[in-house]
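Subject: Structure for you, with notes

Dear colleague,

Here is the structure I said I would send. My notes on it follow below.

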Amino acid sequence: MSIDRSEEAHAIRRRSPRYRSGDVPDYLGGVAVRPPDCFICQRSLRDGEPYSSFTDVWFALTPEEEAIRREQDRQGWVGHPPEVEWFCDKHSALAEEHAHLHWREALELLARQRGQLGEAR
């Protein structure tokens, strides 16, 4: 699996027209948007946290996955992409350190760290 880990590729993914934290409400145009729920500690809006306390972190894709995403965007696909996870302000920096990794690898590493930190999910 070949992954473009360059800063330029990461910057392009970050500028994707997909939903970004703070850009849209939880419900937009009849489409339910997955609300923030920290991948590490599970903090969420239900806990009284403000929307601004969360960041969606986008992890790397293979070129093949990038092509699929472009086609899905062209067709108007909606939904929460698997390469994106929510993180609270306490854990977003940790997640950003892994953003250059393929999403499966990054989430596996973060899940292991979650266990080491004693965080439950």
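**Strands 3 and 4**

W58 stands opposite V84 in strand 4. Strand 3 and strand 4 pair in the antiparallel sense over five bridges; pairing requires that DSSP finds at least two bridges between two strands. Helices (H or I, at least four residues) and strands (E, at least two) are DSSP runs, numbered from the N terminus.

This is a predicted model, in which local features need pLDDT of at least 70 and side-chain atom pairs count only at pLDDT 80 or more, while totals for chains, interfaces and linings use all residues. Residues are numbered from 1 along each chain as its sequence is written, and side-chain values use heavy atoms, with hydrogens and water left out.

Five of the five residues of strand 4 are buried (under 20% relative accessible area; exposed is over 50%, partly exposed in between; 1.4 Å probe, protein chains only). Both faces are covered, with V84, W86 and C88 on one side and E85 and F87 on the other. In a regular strand the side chains alternate between the two faces of the sheet.

L101 lies in the loop between helix 3 and helix 4. L101 counts as buried because its relative accessibility is 9%. Its C-alpha atom is 8.2 Å from that of L61, 40 residues away along the chain.

Regards
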